[in-house]
Amino acid sequence: MSKVLMKGNEVIGEAAIKAGCRYFFGYPITPQSELPEYLSRRLPEIGGVYLQAESEVAAINMVYGAAATGVRVMTSSSSPGISLKQEGISYIAGSELPCIIVNIMRGGPGLGGIQPSQSDYFQATRGGGHGDYYLIVLAPASVQEIADLVKKGFDLAEKYRNPVMILGDGMLGQMMEPVDFGVETSGDSFDKSWATTGKNGRKKSNIVNSLYLKPEELEVHNRELEKKYLEIKSKETMAESYLTKDAEIVVAAYGMTARIAKSAVDMAREEGIRAGVFRPITLWPYPEKELNAATVSAKGVLTVEMSLGQMVEDVKLSLNGRLPVEFYGRVGGMVPTARAIFEEIKRMSEKFGGVK
Amino acid sequence: MLKQIMIAGFGGQGIMSMGQLMVYSGMIEGKEVAWIPSYGPEMRGGTANCSVSISDDPISSPHVTEPDILIAMNNPSLDKFEMSVKNGGVIFINSSLIDRKIKRKDVKVYYISANDKATELGDVRVANMVMLGALLKIDKLVKIDSIMESLKKVLSKSKHHLLPLNAQALEIGAREIGNN
Amino acid sequence: MAVVFDRPKSLTDAKFHYCPGCHHGIIHRLVAEVLDELGLQDRTVGIAPVGCAVFAYDYFDVDCIEAAHGRAPAVATGVKRTRPDTIVFSYQGDGDLASIGMAEIVHAAARSENITVIFVNNAIYGMTGGQMAPTTLIGQKTTTSPLGRKSELTGYPIKVCELLATLPGATYLARTSVHDPKNVRQTKEAIKKAFQLQVEGKGFSLVEVLSACPTNWHMKPVQALDFIKNDMMNYFPLGQFKSPEEAK
């Protein structure tokens, strides 16, 4: 086990390589450019292909073509670029192809800004493009977790033949922490008999397609996708609970915001307020059961996001009215401070009659 | 014990590399570390800053808003971050470029003429190492040996002739503490 | 009894859904014949477009990927870059290639992607019901230019081969027609050359085939052939616009 010090964005690239990914198609955008820059150096060294596309639209369609041939492939962008990729993502989901799409979020809407944000939660967790589909959405909160989730992401993508999104923010992408990449993996153990690589003696040709003009056939396809989504929901949720066992106030937050929330909870504990953090690692499927388990002692839940309030809807849906849910958010690239979250915890602890 | 440091100055003062050296050294020593830079137009506009967290335990938030230690390499950095330092914290001032005293009374302060000392050594670019030497004299966050070991790894072989200069700068910085 | 005419191996036995007088069937057959003759069927991946040829994957007996509107060259790039041993072709209409997919085709050519593009230009959107295309001729009536295309409003038809010929990355560009047997034969030769160049790793090749859409042109098939010969070929001259010898 040896640790190296690396930037989050670069770790995404190296972790992909360690997971057997040799192909990357992208288009530059701040704040994730270190990732394509890193891969443009590394991939040619190991016989892979880095290709800068003419647009995000082209890049995601190159990913679509590459994924159709059964290889591990990745693209990355930031919010406005991810909007452009939605057409291709919908096709990839509809054609049931595996790949990883990285979104290092920045503030929006429109051109927005380039500072950290979590305002693409709805887009990421509700499909994002047209049609009934879901991405598996993984939200790392540390550089080490980026490495772990990129590797796991490729496996999930191939296991379910479904696109996986790694959702981070600019701060996570720019941050340096030690990371251990662990053992190298590949997608070799997964069935690739569906891949379009030329018939090579096969009797029937393979077709990658999401077109079903007959409504009866499209319904069958949609129902099959539904079955897959239900299976993912039942098997693949991941979350971390921090000091929630006796917590009266549970802060629900993901990614970097959850790290800041932990500091706020540390402050609250020092003042005798029983607080904890619930951090979903999969944003879709949302860890409903885990949230309910983490809030058995809770009197209230505070959701903190770098948005106007998006994940808070999933928190409410998961708790289904069982607990009061409040929201604190910073937007536009502003990052909530641990102090401010602590004040919110204190206020809620007083409001909901917390025992000091 | 968690220590969080804010390092600020303008581009070219080696702000980012100073922070990276600290976390690299911390990692070598088996500590938990994190480094976050400012980025984008903020960086290109002249001021650059990065935050460093070094801890014996897993780090909750690496996003530093109330640093234990501030290293201010120029006037705008001091103006921007002076008030954010924790009560009882420490501020290191590059007095070669900062012409004022600090306003706060509840923190410790050290005035280090980093640029002048570096220039005396023959290369103003090691002003950051002078500051780092001063900091490590006051707070043994990481060992000087670890800094030198990290430098060896971070610098390409062709730059290894600069190692003695950097070691000297660290020493002079530590000595400057005595003049405060 | 000797067989003198048969279905190429690279076509399935599915019946074409194309309208009477439409040339897609002929062009499909030519592509399939070429794949057979060059022995490429087993290593070919076809990229189907959005447009009348959207079901191309039902007709070509090769591995196929259905692309989004205009994106076929990007999808083809993804296949070719990951599997350089495959033979990759996209089959695209004028709306797909010259309108919504203009960026993708230009950049695939600029990169000299080692792929072959079959570009079917019938100067109209067929599948959506006869709307104006980027290659619709001035004065030509369509459902969205009911009084005839006016340059003041919608500019001029795009000459794709001429446009791409300015790019050093384009290796082979030819415009042909399938309005009579002689031209059908020449089209096949061009398609064969395009695939042959790909086999040799020479880079981007595109064959633009002028073809008829009697249904949306509101013409009898024979009249439609005359329209190609007299009107389309007048604006879109046939010929080779880039040969491998003059590429780069």
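How many residues of domain 1 of chain A are in contact with domain 2 of chain A, and how many of domain 2 take part?

Analyst: The model is predicted. In it, 26 residues of domain 1 of chain A are in contact with 22 residues of domain 2 of chain A. Domain 1 of chain A is made of 4-191 + 222-235, while domain 2 covers 240-351. Taken over C-alpha atoms, the centres of the two domains of chain A are separated by 26 Å.

On the side of domain 1 that touches domain 2, the elements of chain A that each supply at least two residues are α5 (121-125), β6 (136-138), β7 (163-169), α7 and α8 (215-235). Among these, α5(A) gives the most, with 4 residues. By class, this side of domain 1 has 16 nonpolar, 8 polar and 2 charged residues.

Chain A also has a contact with chain B, to which chain A brings 22 residues and chain B brings 17 residues. On the chain A side, two or more residues come from each of α7 (170-174), β8 (176-179), α9 (256-270) and α12 (338-351). Here α9(A) gives the most, with 6 residues. The chain A residues that touch chain B divide into 11 nonpolar, 5 polar and 6 charged. Helix α7 of chain A is listed both for the side of domain 1 that touches domain 2 and for the side of chain A that touches chain B.

A compact globule of 180 residues would have a radius of gyration near 16 Å, and the 15 Å of chain B agrees with that. Its C-alpha trace spans about 40 × 40 × 35 Å along the principal axes of chain B. Of the 180 residues in chain B, 49% are buried. Among contacts in chain B with a separation of 6 or more, 58% are between residues 24 or more positions apart.

The axes of α3 (residues 72-82) and α5 (residues 102-110) of chain C come within 7 Å and cross at roughly 40°. C:Pro73, C:Ala74 and C:Thr77 of α3(C) make the contact with C:Glu104, C:Ile105 and C:Ala108 of α5(C). By class, this contact has 4 nonpolar, 1 polar and 1 charged residues.

Definitions and conventions: Residues numbered from 1 in each chain as written. Chains lettered and ligands numbered in written order. Predicted model: local features only at pLDDT ≥ 70, side-chain atom pairs only at ≥ 80, totals over all residues. Axes fitted to C-alpha atoms, helices over the stretch in contact; angles between N-to-C directions. Contact = placed C-beta atoms within 7 Å. Nonpolar A, V, L, I, M, F, W, Y, C, P; charged D, E, K, R; others polar. Rg over C-alpha atoms; globule rule 2.2 N^0.38 Å. Buried ≥ 20, exposed ≤ 12 C-beta atoms within 10 Å, placed from the backbone. Domains from an automatic or database assignment.
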